[in-house]
Every structure is written in C-alpha cells, then in structure tokens.
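Below are some questions and answers on one model. Have the coordinates open while reading.

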Amino acid sequence: MKILVTGASGMLGATLVRLYQKNMDVYATGPGEFPNNPARKYLKFDLSEKTYDVLLKWSEPEAIIHCAAMTNVNVCEQNPEKALAVNGDSVKRFLDAGTGARLIYVSSDAVFPDNVKMKKENSPVTPANVYGKSKALGEQHLMAAGGSHCAIRTTLVGRNINPSKQGFVEWMLASAHKRAQIPLFHDAVFTPHFHLAICRGITMDSSQQNQRNTPFDRHGTGFEI
Ligand SMILES: NC(=O)c1ccc[n+]([C@@H]2O[C@H](COP(=O)([O-])OP(=O)(O)OC[C@H]3O[C@@H](n4cnc5c(N)ncnc54)[C@H](OP(=O)(O)O)[C@@H]3O)[C@@H](O)[C@H]2O)c1
C-alpha cells in the first residue's frame with residue numbers, strides 16, 4: 001500500500017514512517033531536512049504552498065496520514081492566517097486534489113476548551129484558541145467531503161526521532177540527567193496517548209476502512225469512547 005505521511009519531521013510523523021516502512025510503501029514529507037531521518041523517500045514541502053499536485057504526483061498515495069501541523073499554540077496565535085492554512089485548509093487541498101486517497105487527519109483535543117468534561121464524538125466543537133480553531137477547520141473540511149476519511153482527536157506523549165525537537169519526554173529526561181528540579185502542573189487533567197499507541201490505532205483504523213463520516217476519539221487502548 002502506498003502511503004503519504006505529512007509532518008514526517010515531527011514526533012508522530014517520523015515514528016509512523018519508521019514503523020510503516022517495514023511493510024508499506026511510505027512517502028514522507030516535512031518542511032525541512034533533519035539528521036537521522038528514517039524516511040527512505042522524503043520530499044521537502046511546506047503545506048502553506050499551493051502546489052500540492054507536486055507532492056501528490058510524487059507520492060501517488062492510496063492513503064494520506066496527515067500529521068503535519070503548526071503545533072506551537074503561541075505561534076498560531078501570532079500567525080492565525082498561516083495556522084488556519086497549514087492546520088485546517090491543507091485538508092481541503094488534499095481532498096480537492098481528487099486523488100481518491102483516504103485521508104486520516106490527526107486532530108486534537110484542542111477543538112474543545114481546557115475546562116470541559118469528557119466529550120463525545122459528535123459534541124459541538126468550541127475551540128478556545130487559534131490552534132484549536134485551525135484543527136476544527138480541518139475536521140469541518142473532512143466531514144464536508146464525506147466518504148471514508150477520518151479524524152483522530154488526540155493528545156500525545158512520546159519521544160522524538162528528530163534530534164532538533166525537544167518535547168515533554170526529552171525535557172523530563174534532560175532535567176533528570178542534570179538532577180534539576182522538574183516543575184509540573186497541579187491544575188491540569190488530560191489523557192495523553194503514547195505515540196506508539198496512536199500509530200497502532202491508525203493501522204487498525206486504516207485496515208478496517210472505517211466508513212463513518214465523523215471524527216472519533218480513541219483511548220491509547222484502542223477502545224472507542
Ligand atoms: N503533541 C501533542 O501533544 C498533540 C496533541 C494533540 C494533537 N496533536 C496533533 O498530532 C499531530 C502530530 O503532532 P506532533 O506532536 O508530532 O507534532 P510536531 O512534533 O510539532 O510535528 C509537526 C510536524 O508538522 C510539520 N509542519 C509544521 N508546519 C508545517 C508547514 N508549514 N508545512 C509542512 N509541515 C509543517 C513540522 O515540521 P518541523 O519539523 O519543521 O517543525 C513537523 O514535521 C499534529 O497534527 C498535532 O496537531 C499533537
């Protein structure tokens with residue numbers, strides 16, 4: 001199966017590429033190069049460009065796993081137009097290209113504000129910031145398209161393959177090595193998924209050809225809620 005993975009320099013995308021290359025024909029894309037890139041086929045492409053046909057002609061995918069996003073909430077707040085284009089309208093561009101590829105869009109729990117109770121798949125989205133709005137926009141495009149596309153609303157924790165990325169786990173490990181104090185939250189409750197569990201979940205959902213035209217939430221265990 002030919003798969004295009006976007007955001008392949010990011011935590012989830014690079015991990016997906018490394019795992020999926022074992023038994024699938026994986027085409028990977030990100031906006032820049034990075035050391036230790038596991039991708040055998042990699043094309044530099046910025047999703048704020050309009051030339052998606054170049055990317056799609058190169059990869060001719062049967063499925064697109066769309067992991068790319070501007071994930072820094074403050075940067076999104078400062079660049080709302082770009083955030084909406086990269087995180088939201090990129091979905092429409094992939095769909096409008098008419099390749100017939102199934103799109104799996106990695107969305108976010110940020111389509112809801114922080115202070116809400118557990119939501120259902122069909123609860124109305126009420127994003128509190130530009131990042132959340134941009135992910136909600138991507139979901140809207142996906143639902144408007146119909147078909148077997150799907151969105152996965154998640155929040156992630158895991159290690160980065162790309163050495164220039166410093167996420168939560170890298171920060172914890174570096175602090176522990178330095179025996180530094182680790183200040184953490186005492187007023188936040190959320191359910192992050194281990195990134196490898198998301199990779200497994202995506203495999204399962206791709207193979208089941210989920211026909212519903214709604215986003216869905218998933219525990220790390222793979223049970224729908
Ligand atoms: N991490 C979380 O806690 C979390 C929570 C909820 C949802 N999500 C969603 O899960 C997905 C994967 O997250 P992640 O943690 O792997 O994020 P990440 O490590 O920040 O990776 C994001 C990827 O998107 C790429 N990207 C950013 N702007 C781009 C642009 N203009 N054109 C093309 N690519 C661009 C990044 O490139 P660079 O390497 O150059 O930055 C990187 O490859 C994202 O869609 C995110 O919204 C993540």
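Q: In S2, which residue is the bridge partner of Val5?
A: The model is predicted, with local features needing pLDDT of at least 70, side-chain atom pairs counting only at pLDDT 80 or more, and totals for chains, interfaces and linings using all residues. Residues are numbered from 1 along each chain as its sequence is written. Strands (E, at least two residues) and helices (H or I, at least four) are DSSP runs numbered from the N terminus, and two strands pair if DSSP finds at least two bridges between them. S1 (residues 2-6) and S2 run parallel, joined by 5 bridges, and the partner of Val5 in S2 is Ala28.

Q: How many of the residues of strand S2 are buried?
A: A residue is buried if 20 or more other C-beta atoms, placed from the backbone, lie within 10 Å of its own. Strand S2 spans residues 25-30 and is mostly covered. Its buried count is 5 of 6.

Q: What is the count of buried residues in helix H6?
A: Helix H6 covers residues 168-177 and is hardly covered. Among its 10 residues, the buried count is 0.

Terms used:
Buried ≥ 20, exposed ≤ 12 C-beta atoms within 10 Å, placed from the backbone.
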